[in-house]
Amino acid sequence: MPVNRGHLLTLLWAGSAYALFPDCVNGPLKNNTLCNTSASPAERARALVSLYTLEEKINATGSTAPGVPRLGIPPYEWWSEGLHGIAGPFTNFSDEGDYSYSTSFPQPILMGAAFDDELITAVATVISTEARAFNNANRTGLDFWTPNINPFRDPRWGRGQETPGEDPYHLSSYVHALIKGLQGDASDPYKRVVATCKHFAGYDVESWNGNLRYQFDAQISQQDLVEYYLPPFQSCARDSNVGAFMCSYNSVNGVPTCADPYLLQTILREHWGWTNEEQWVTSDCDAVQNIFLPHQWSSSREQAAADALIAGTDVNCGTYMPDHLPSAFAQGLVNETVLDQALVRQYSSLVRLGYFDAPENQPYRQLGFESVATNASQQLAYKAAVEGIVLLKNDGVLPLSLDSSTSLGLFGDWANATSDLLGNYAGISTYLHSPLWAAQQLNVTVNYAQGPGGQGDPTTGSWLSIWPAADASDVIIYVGGINNGVEAEGMDRGSIAWTGAQLDVIGQLAQQGKPMVVVQMGGGQIDSSPIANNPNISALLWGGYPGQDGGVAILDIITGKAAPAGRLPTTQYPASFINEVPMTDMSLRPGRSNPGRTYKWYNGTAVFEFGTGLHYTNFTASIKSNTSSSYAISDLMTICKDSNAKYPDLCSFGAPVQVEVTNTGKTTSDYVTLAYLAGNFGPAPHPKKSLVSYQRLFAINGGSSDTANLNLTLGSLARVDEKGNKVLYPGDYSLLIDNKPLTMLNFTLTGDQVILENWPQPPTNRTGKGVSGFEGYFVGGYGSDQKPVSIGY
Ligand SMILES: O=[N+]([O-])c1ccc(O[C@@H]2O[C@@H](CO)[C@H](O)[C@H]2O)cc1
């Protein structure tokens, strides 16, 4: 991370003659339309942009915009992060005291496992509140380059931890809830902050077998694009009013996404109606450079900058557009109208954030450090961790009953975890409560030894302290798995088995025959079949990256203070999966060299399936509402047309399905109601099933019931054809409640098939004009403008 740039910017601001915000009361533009609050955001932005010289406009295309001193426009940093709390590289935490910390929530992969959209809105509301407080103190911007909603397609992906999981319906619903919390309601006079849906699109390879994210060309069929890769982005753009998008490093079907008018114009703006001038696209960091090299799409650096701007990239993370647009303009590769449009989008967005308006009447401009890391937000971080943790195996030993005579052995790399709890894109958290810390708060004896040192360490030297500690313990808890040492940005995994010597140690600990609990940590799944199949291991939990209070959440579940109800948001594949399909094969359906991907298509036997999650009690479910068993498609379409749904795929399929859930055991517990649709309708091969609705029910007491109201839409019944059209097909449908399932509802659709959404086809013959035969050395990454000798630099 370029922390030095963050400090530079802070120095720039601190040493600058300008205020953090433009001054529309006494500043040079006080009588300009920019400062007229009754004009529309776009009118205000246009008035400002019309005053800029070409040079000033070009300077404004980089992510660290210098501002325009003569007009009183201060520098502005577009790049802030907020994946699970506010974070760098440009968020400036103080060394001590106020603003030296904020709330760190679990990584999205664990929050996804909670299947609780209200939780996600609450978490995002805290993040946007804390962001505003830091912004008011000149410590971060107002534009947050989150969420990462590329579906977690392949278990090797190093950044899957940043996403809520592998299912497109789940991601779409999650991201809708998240954007509401980050931005506020679309009708609010001011946005809380602006969120950025990234990485558009088909980005989920970091570095695999020589394929780097900067040059990878994702070959994706229209069917897979519409059915799997794009739904979360459609949810952002069309249904959630997100303020910004980020195009990705990779190409899709030969075209670098930041230079692709089909993605950025035809699909994003025209097809999804993301036409508001307050909405803008940023490139990933130095992705504009990658259009030239290594993609070789454009014939020169200035052509790459022009191609990106013309395609619809409005902000360039980095300096490539400010560096190369002057020459692009001199050569006539791009015109000022396109540049003006990009700037109008940027400044309209800032208008919607209240950036130009007097602070007095704005609620968010009053927030200070008293709004950061409040007791309520700390509690929410804890709750998010508890809700996400998944119980995968339990022979009845959990919850542990402890008393003061119990001696607890705590082992593994993660037992005393600190920053590991947070995962990547983390800020500075209020505190870091490890499992060891949490155990030490209990009235028991704790014997701790780390065990295998480091993720890949196969040696036995560092295990030695384990054995006397294990001998002295009544119960053994091993907390390990993987961390950012093996799954990270720029780093995909070469193996999805447990790393280093961990399985050896776990096996030897199990031989002691004591009650033993394993907690598998990390975002990507690892093959835990040796643990699941070992009769001497009593219980297995998955804990993801659980955030600042993660250790407490884990211990509270183990000791029964909290009951587990999270569900796996990804498939846990056997370790051999990675030998069956290259990571770069983007197709989902099974084929000759592909066993199929995700719970929808994988034709092998998963170690643990998507949606798996045990409880400390048992549940039954029954579907209460069962109106009809046969529906004419034409009737459904007539009802849809008469409804006020904005798009046919959003039309309700009847009233919500009511599912009565009963806790038949004794322990009070949450229950996640998952509804899948199955059936052999539409194009073959058919998915095994697809998630179409979910609802988390809370604290159902033993012997009591609660009701889930599951909304189904026509879109959730539809399947996607080879051209990418969303179609409602006649056929036999089954709605399954839960994985086993606990109950199901069968119904039939009759009549002719109907297209709910017509997919715009890509242009044919799309080839770049890049330099062929390039032999230069490509480094890749932000700020590395490599100069290959072979083409004359
Ligand atoms: O400092 N850098 O050199 C550097 C380079 C790349 C980088 O990653 C990119 O930046 C993030 C911006 O939000 C995107 O999610 C990620 O793909 C983040 C930092």
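This is a predicted model: local features need pLDDT of at least 70, side-chain atom pairs count only at pLDDT 80 or more; totals for chains, interfaces and linings use all residues.
## Aromatic pairs

Let's start with the rings. A pair of aromatic rings is described by the distance of the centres and the angle of the planes. The count for this model comes to 39 aromatic pairs. Take Phe200 and Phe233: their ring centres are 5.2 Å apart and their planes meet at 50°, so this pair is tilted. Phe200 sits in strand S4 (residues 194-200) and Phe233 in helix H8 (residues 231-239), so the pair ties together parts that are 33 residues apart in sequence. Phe200 has 0% relative accessibility, so it counts as buried. Phe233 is also at 0% relative accessibility and counts as buried.

Next up are Phe681 and Tyr733, which make a stacked pair, with 3.7 Å from centre to centre and 20° between the planes. This one links distant parts of the chain, 52 residues apart: Phe681 is in the loop between strand S21 (669-678) and strand S22 (690-700), while Tyr733 belongs to strand S26 (residues 731-737). Phe681 is buried, at 2% relative accessibility, and Tyr733 is buried too, with a relative accessible area of 1%. There is also a cluster joined by ring pairs, made up of Phe21, Tyr52, Tyr76, Trp78, Trp280, Tyr347, Tyr355 and Phe356.

## Charges over rings

Phe681 turns up again here, with Arg719 lying over its face, 3.8 Å from the ring centre. Elsewhere, Lys198 has its charged end over the ring of Tyr425, at 5.1 Å from the centre of that ring.

## An annotated stretch

What does the UniProt record list for residues 671-741? The unreviewed entry gives that span as "domain: Fibronectin type III-like". In the model, the span is 6% helix and 52% strand, and its end C-alpha atoms lie 14 Å apart.

Now for a sheet. Strands of a sheet pair through backbone hydrogen bonds, either parallel or antiparallel. In this one, six strands line up as S12-S17-S16-S15-S13-S14, forming an open sheet with mixed pairing. Which strands are at the edges? They are strand S12 (390-394) and strand S14 (445-449), each of which pairs on one side only. On average, neighbouring strands of the sheet are turned by 20° against each other, direction ignored.

## Backbone details

If you like checking backbones, look at two prolines. The peptide bond from Gly88 to Pro89 is cis, with omega near 5°, and Pro89 is in the loop between strand S2 (76-77) and helix H4 (108-112). The bond from Leu398 to Pro399 is cis as well, with omega near -5°. You'll find Pro399 in the loop between S12 and strand S13 (407-411).

Positive phi values are worth a look too. Asn209, a residue other than glycine, has phi near 50° and sits in the loop between strand S5 (207-208) and strand S6 (211-212). Is Tyr425 buried or exposed? Tyr425 is buried, with a relative accessible area of 11%, whereas Asn209 is exposed at 67%. Tyr425 also has a positive phi, near 50°, and lies in the loop between S13 and helix H15 (435-440). That is the tyrosine whose ring lies under the charged end of Lys198.

## Around Ala469

Last stop: Ala469, in helix H16 (residues 466-471). Ala469 has a relative accessible area of 12%, and since buried means under 20%, Ala469 is buried. Which residues is Ala469 in contact with, leaving aside its neighbours within four places in sequence? The contacts are Phe411 and Asn447. Ala469 and Phe411 are 58 residues apart in sequence, yet their C-alpha atoms are 9.0 Å apart in space.

Conventions:
Residues are numbered from 1 along each chain as its sequence is written. Side-chain values use heavy atoms; hydrogens and water are left out. Rings of Phe, Tyr and Trp (its six-membered ring) pair if their centres lie within 6.5 Å; planes under 30 degrees apart count as stacked, over 60 as edge-to-face and the rest as tilted. Helices (H or I, at least four residues) and strands (E, at least two) are DSSP runs, numbered from the N terminus. Buried means under 20% relative accessible area, exposed over 50%, partly exposed in between (1.4 Å probe, protein chains only). A charge sits over a ring if NZ of Lys or CZ of Arg is within 6 Å of the ring centre and within 35 degrees of the ring normal. UniProt positions are given in the numbering used here, feature names are shortened, and annotations may be inferred rather than shown by experiment. Two strands pair if DSSP finds at least two bridges between them. Axes are lines fitted to C-alpha atoms, for helices over the stretch in contact, and angles run from 0 to 180 degrees between N-to-C directions. Contact means heavy atoms within 4.5 Å.
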